[in-house]
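Here is a short briefing on one protein model. Look over the sequence and the structure, then read the points by topic.

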Amino acid sequence: MKPPVFDYVAPESLDGALDALAEHGYDAKILSGGQSLIPLLNFRLAQPGILIDLNRIGGLDEIRLDESGNLRIGGMTRVGTLEREPLVAEHAPLLFETVPSIAHPQIRNRGTVGGSLAHADPSGELPVIAVASGAQLTLRSPKGERTVAAEDFFVGLMTTDLAMDEILVEVSLPPLPPRTGTAFVEIARRLGDYAQAGVAAVVTLGDDDRVADARLVYLSAGDIPMQAPRAVELLRAEGVSEAVIEKAARLAAAEEIEPSDDIHASAAFKRHLATVVTKRALAVAIERARS
Amino acid sequence: MSTIANQRISVKVNGETFESEVEPRLLLSDFLRHDLDLTGTHVGCEHGVCGACTVQLDGVPVRSCLLLAVQADGREVATVEGLAAGPDNLSPLQEAFREKHGLQCGFCTAGILMTMGPFLAENPDPSERQIREALSGNLCRCTGYQHIVDAVKLAGEKLYER
Ligand SMILES: Cc1cc2nc3c(=O)[nH]c(=O)nc-3n(C[C@H](O)[C@H](O)[C@H](O)COP(=O)(O)OP(=O)(O)OC[C@H]3O[C@@H](n4cnc5c(N)ncnc54)[C@H](O)[C@@H]3O)c2cc1C
Ligand code: FES
Ligand code: FES
């Protein structure tokens, strides 16, 4: 189908975009990569009065390492840029490993990091990676800037902590602690399709080789990126033998995530897949933490 | 009726500059097909899934059904019409598709060609797996992909003289 009628502005500065957003409020939509918004317009699921295009604003797509070792990624960074950027490969291996699973090359060439996080699709990879990485998101409004932990940013189904007048301008990934391994595993019908199940695992081992800290964050498993604190507690208490990993995976899949039926898979099958991906991801993350 | 003003755009398509006045909501795919009569760019799904509408924006393969024509203002678009120098003078990539039977009905072909040119430039000697991954965003209902994979391999050889 064709999009409904709307007006369009493409400011050349962030302040210009913030002013336009403040002026039009809920009648406006930010346009970044358009890889989620334009389909919604084409289906007429969204009918904004005006689009505010961020693509003519320079400097919002920088990737840099700050003094504290945080990897800072501008909101307008194309997802496809991440897979070609050595800083990402070196300082954010979990993110780097995940990028090929996000949509298809042509979509990644256009889709942005900020747009993907703001869209907050529970089947999206980047929200999960942001939560698993302990990322901080920078939101800008005419009043100034504030920072929100990724964990607190996703508040409900495709709903975030972004206020009406705010634009997501940057995401910051902290450095991994020593002896930390990460892994991302997902199962989709075809590379780049939305996952039926997927998990990001981050495991930090103590000197005694026990689990000092860990995170398991799931996609396509509920309204927001879903965490499994009880499974993590089990790993911390009982170690990383195959039997414990099996137990933790079953616990997370059966009791901590909330997948729903869709045309591709039943909730029960998704829980089964979640067990499988958890076991695989934990085994790899632990192996990487050791080496 | 719409009270939204049209916007003036100037877009270079296959080397030629076009000036036009368009509604903000006009998709780039429709601008190419209806306003410029460049119907080689096909439209299948209009939500980013099928890949038939893939063109290059400043050399980068993108979905023209997920871009607005106004977004192409001041930029360069390449479509399938720009590939061959003439009817009897196909590009090496197109030659390879003909030789290896990389198409049947041809609906998907333009999008695949516009995707594979830049892919081969970045990966002149791709493995079959890399080719299949690069093809993941282009649906073909006819060929079963094998002949497309063969054609892309051959195109790599032709283009980079191995
Ligand atoms: C065929 C297809 C397959 C896909 N497969 C996947 C997949 O497997 N995994 C996946 O994660 N995604 C997938 N996507 C979605 C894709 O990754 C999108 O690029 C992404 O979800 C949105 O990013 P965008 O920059 O395109 O945002 P847009 O479409 O421009 O915007 C999305 C929403 O976020 C808002 N927004 C955008 N930027 C900002 C900002 N900086 N601040 C505040 N609000 C903002 C917009 O107003 C809009 O509501 C797929 C898309 C398609 C078409
Ligand atoms: S028509 Fe654009 S991807 Fe299908
Ligand atoms: S040749 Fe018919 S869809 Fe590909």
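**Salt bridges, helix pairs and a buried serine**

B:Arg129 is exposed, at a relative accessible area of 61%. Here exposed means over 50% relative accessible area, buried means under 20%, and partly exposed lies in between, with a 1.4 Å probe and protein chains only. The model is predicted, so local features need pLDDT of at least 70 and side-chain atom pairs count only at pLDDT 80 or more, while totals for chains, interfaces and linings use all residues. Residues are numbered from 1 along each chain as its sequence is written, chains are lettered from A and ligands numbered from 1 in the order in which they are written, and side-chain values use heavy atoms, with hydrogens and water left out.

**Salt bridges**

- Side chains of opposite charge can pair when their charged atoms come close.
- A salt bridge is a side-chain nitrogen of Lys or Arg within 4 Å of a carboxyl oxygen of Asp or Glu.
- Over all chains, a search of the whole structure finds 32 salt bridges.
- B:Arg129 pairs with B:Glu133 in a salt bridge, with the closest N and O atoms 3.0 Å apart.
- Both B:Arg129 and B:Glu133 lie in helix H4 (residues 128-134) of chain B. They are four residues apart, about one turn of the helix.
- Helices (H or I, at least four residues) and strands (E, at least two) are DSSP runs, numbered from the N terminus.
- B:Glu133 is partly exposed, at 30% relative accessible area.
- Elsewhere, salt bridges that share partners join A:Arg64, A:Asp66, A:Arg72 and A:Glu170 into one network.
- B:Arg98 and B:Glu95 also form a salt bridge, at 3.5 Å from N to O. Both sit in helix H2 (residues 92-99) of chain B, three residues apart.
- B:Arg98 is exposed at 52%, whereas B:Glu95 is partly exposed at 22%.
- In chain A, A:Glu233 forms a salt bridge with A:Arg236, and their closest N and O atoms are 3.8 Å apart. Both lie in helix H10 (residues 229-238), three residues apart.
- A:Glu233 is partly exposed at 45% relative accessible area. A:Arg236 is partly exposed at 34%.
- An α-helix has 3.6 residues a turn, so residues three or four places apart point the same way.

**Helices that pack together**

- Two packed helices are described by the angle between their axes and the distance between the axes.
- Axes are lines fitted to C-alpha atoms, for helices over the stretch in contact, and angles run from 0 to 180 degrees between N-to-C directions.
- H2(B) packs with helix H3 (residues 109-122) of chain B at about 125 degrees, with axes 10 Å apart.
- H2(B) and H3(B) are therefore oblique to each other. Angles under 35 degrees count as roughly parallel, over 145 as roughly antiparallel, 65 to 115 as roughly perpendicular and the rest as oblique.
- H2(B) and H3(B) cross in a right-handed way. A crossing is right-handed if the near helix is turned clockwise from the far one by less than a right angle, and left-handed if anticlockwise.
- Residues in this contact (heavy atoms within 4.5 Å) include B:Leu93 and B:Phe97 of H2(B) and B:Ile112 and B:Met116 of H3(B).
- The contact of H2(B) with H3(B) has six nonpolar, three polar and no charged residues. Ala, Val, Leu, Ile, Met, Phe, Trp, Tyr, Cys and Pro count as nonpolar, Asp, Glu, Lys and Arg as charged, and the others, Gly among them, as polar.
- In chain A, helix H11 (residues 242-256) and helix H12 (residues 267-290) pack at about 140 degrees, with axes 8 Å apart. That makes H11(A) oblique to H12(A).
- The crossing of H11(A) and H12(A) is right-handed.
- Among the residues that meet are A:Ala249 and A:Ala253 of H11(A), and A:Thr278 and A:Leu282 of H12(A).
- The contact of H11(A) with H12(A) has seven nonpolar, two polar and five charged residues.

**Buried places**

- B:Ser136 lies in the loop between H4 and helix H5 (146-159) of chain B.
- B:Ser136 is buried, at 8% relative accessible area.
- Leaving aside neighbours within four places in sequence, B:Ser136 is in contact with A:His104, A:Pro105, A:Arg190 and A:Leu191.
- Helix H8 (residues 125-132) of chain A is mostly covered, with eight of its eight residues buried.
- A:Gly134 follows H8(A) and has a positive phi, near 65 degrees.
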